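Reader: I am new to this structure. Please take me through it by question and answer.

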Amino acid sequence: MRRNIVAANWKMNGSRDLVESLVGGVKAGVTELDKDVEVVIIPPALYVSDVRQALSGSSLGLGVQNVARWESGAYTGEVSAQMARDAGCDYALVGHSERRQLFAEDDAQVAEKIRQILSSGLNAIVCVGETLEERESGQAEQVVAEQIRAALAGLGADDWTKVIVAYEPVWAIGTGKTATAEDAQNMHASMRALLAELGAPAQDISLLYGGSVKPDNAVELFAQPDIDGGLIGGASLVANDFVRICEAV
Ligand SMILES: O=C(CO)COP(=O)(O)O
């Protein structure tokens with residue numbers, strides 16, 4: 001059965017004070033949620049342990065925003081998937097468009113990171129999405145399909161149970177522009193069809209939408225049959241807004 005998931009990607013925002021106030025607010029706010037909704041906090045790696053402590057006693061999940069593509073060794077500044085697991089994480093984001101654009105992460109590197117994430121026992125939230133130019137030239141589906149194939153082709157049956165795919169159109173991230181619920185649903189349906197082609201149990205895989213999700217557009221987006229939750233940036237930094245988005249699932 002696929003799960004409904006709402007994940008908070010704090011990006012490079014926050015402080016220890018914010019961890020206290022934000023996690024406290026979210027924890028208190030989500031106690032009323034349907035048990036079928038999984039809420040995941042993804043802070044900067046340095047705050048993972050603080051968030052883990054602040055989350056204690058709750059069922060919220062924890063994740064990192066990135067991992068190294070190597071297992072261990074002389075890679076100054078990197079954090080491995082195994083370390084994230086060791087520090088108490090359950091999830092790792094991979095292939096976020098900010099990593100692809102600002103850190104030149106390509107599909108091959110994304111695939112290597114996914115292998116690290118899965119072999120360490122974490123769940124991978126694999127981000128894909130097209131740029132505005134690609135959408136306007138009618139290539140959106142093809143771009144997303146290529147990203148999914150490059151990242152996920154050849155996974156084994158056990159691996160698929162730990163894969164979540166997040167569709168985040170690049171032009172919708174942090175811009176206040178959201179894909180229409182219809183466009184997002186169409187993309188999600190085609191992603192699910194492709195996953196089936198790749199041998200995945202596609203009906204069981206959670207597909208999240210991300211890109212300017214706010215409390216007032218979340219209900220319509222999450223009502224779509226192939227949208228199983230969201231990956232939330234800006235609105236995840238305000239406890240009330242994030243809780244309202246979680247309630248919309
Ligand atoms: O990139 C995102 C989540 O990973 C989306 O960010 P915003 O919600 O700020 O648009």
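**Active site and overall fold**

Author: For "active site", an unreviewed UniProt entry lists His96 and Glu168. They are spread over 73 residues of sequence, yet they cluster in space, with a largest C-alpha distance of 8.3 Å. UniProt positions follow the numbering used here, feature names are shortened, and annotations may be inferred rather than shown by experiment. This is a predicted model: local features need pLDDT of at least 70, side-chain atom pairs count only at pLDDT 80 or more, and totals for chains, interfaces and linings use all residues. Residues are numbered from 1 along each chain as its sequence is written.

Reader: Is His96 buried or exposed?

Author: A residue is buried if 20 or more other C-beta atoms lie within 10 Å of its own, exposed if 12 or fewer, and partly exposed in between, with C-beta atoms placed from the backbone. His96 has 27 other C-beta atoms within 10 Å, so His96 is buried.

Reader: Which residues does His96 touch, not counting residues up to four places away in sequence?

Author: Two residues are in contact if their C-beta atoms, placed from the backbone, lie within 7 Å. With residues up to four places away in sequence left out, His96 touches Gln65 and Cys127.

Reader: Is Glu168 buried or exposed?

Author: Glu168 touches several residues, including Ser97, Cys127 and Ile173, not counting residues up to four places away in sequence. Glu168 has 26 other C-beta atoms within 10 Å, so Glu168 is buried.

Reader: What share of the 249 residues of the protein chain count as buried?

Author: The C-alpha atoms of the protein chain fill a box of roughly 45 × 45 × 35 Å, taken along the principal axes. Of its 249 residues, the share that count as buried is 45%.
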